[in-house]
Amino acid sequence: QVQLVESGGGLVQAGGSLRLSCAASGNIKSINEMGWYRQGPLNQRELVASAGRSGGTNSADSVKGRFTISRDNVKNTVYLQMNSLKPEDTAVYYCKMIVELTTGYQYQFWGQGTQVTVSS
């Protein structure tokens, strides 16, 4: 029904930057919330940042001032600009979208995950 495809992860040195993208395709009427989550090797999946359809955003205290979430409602894409990366940002990053399908039903979809590794 809906596929989310992520890109942009990789290996970067501490202090560097990466930009993640997540594009949705399929039977989409609208996308309400778009967000990024991450999961380290010993951690539960946690919210990094989210963006509502009207543009309001929310982010974890640990990334405030360093990460910026944005969305393109025409392209059905969400971005995460990550600056001043730290080794503790190392994790698999997942995008999540709450999608209203053309059928009128609303579902939650996840991307496949992209690895971000920050070396010290």
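1. Basis of the model. The structure is a predicted model, in which local features need pLDDT of at least 70 and side-chain atom pairs count only at pLDDT 80 or more, while totals for chains, interfaces and linings use all residues. Residues are numbered from 1 along each chain as its sequence is written, and side-chain values use heavy atoms, with hydrogens and water left out.

2. Secondary structure. The chain holds eleven strands and zero helices, and its elements run β-β-β-β-β-β-β-β-β-β-β from the N terminus on. Both kinds of element are DSSP runs numbered from the N terminus (helices: H or I, at least four residues; strands: E, at least two).

3. Overall dimensions. The radius of gyration is 14 Å, close to the 14 Å given by the globule rule for 120 residues, so the chain is as compact as a globular protein of that length. The radius is taken over C-alpha atoms, and the rule is 2.2 Å times the number of residues to the power 0.38. Along the principal axes, the C-alpha trace spans about 50 × 25 × 25 Å.

4. Of the 120 residues in the chain, 42% are buried; buried means under 20% relative accessible area, exposed over 50%, and partly exposed in between (1.4 Å probe, protein chains only). Among contacts (heavy atoms within 4.5 Å) with a separation of 6 or more, 55% are between residues 24 or more positions apart.

5. The chain has 11 positive and 8 negative charges, whose mean positions are 4 Å apart. Lys and Arg count as positive and Asp and Glu as negative, without His and the chain ends; each charge is placed at NZ of Lys, CZ of Arg, CG of Asp or CD of Glu.

6. The pair Glu100 and Lys29. There are five salt bridges, each defined by a side-chain nitrogen of Lys or Arg within 4 Å of a carboxyl oxygen of Asp or Glu. One of them joins the side chains of Glu100 and Lys29, at 3.6 Å from N to O. Because Glu100 lies in strand 9 (residues 91-101) and Lys29 in strand 4 (residues 28-39), this pair ties together parts that are 71 residues apart in sequence. Glu100 is partly exposed at 21% relative accessibility, whereas Lys29 is exposed at 56%.

7. Arg38 is buried, with 7% relative accessibility, and forms a salt bridge with Glu46 in which the closest N and O atoms are 2.8 Å apart. Glu46 is partly exposed at 36%. Arg38 also meets Asp89 in a salt bridge of 3.0 Å, N to O. This second pair links distant parts of the chain, 51 residues apart: Asp89 is in the loop between strand 8 (77-82) and strand 9, and Arg38 is in strand 4. Asp89 is buried, its relative accessible area being 0%. Through shared partners, salt bridges join Arg38, Glu46, Arg66 and Asp89 into one network.

8. The loop residue Ala60. Ala60 sits in the loop between strand 6 (57-59) and strand 7 (67-72). Neighbours within four places in sequence aside, Ala60 is in contact with Leu47 and Val48. From C-alpha to C-alpha, Ala60 and Ser50 are 9.3 Å apart, with a sequence separation of ten residues.
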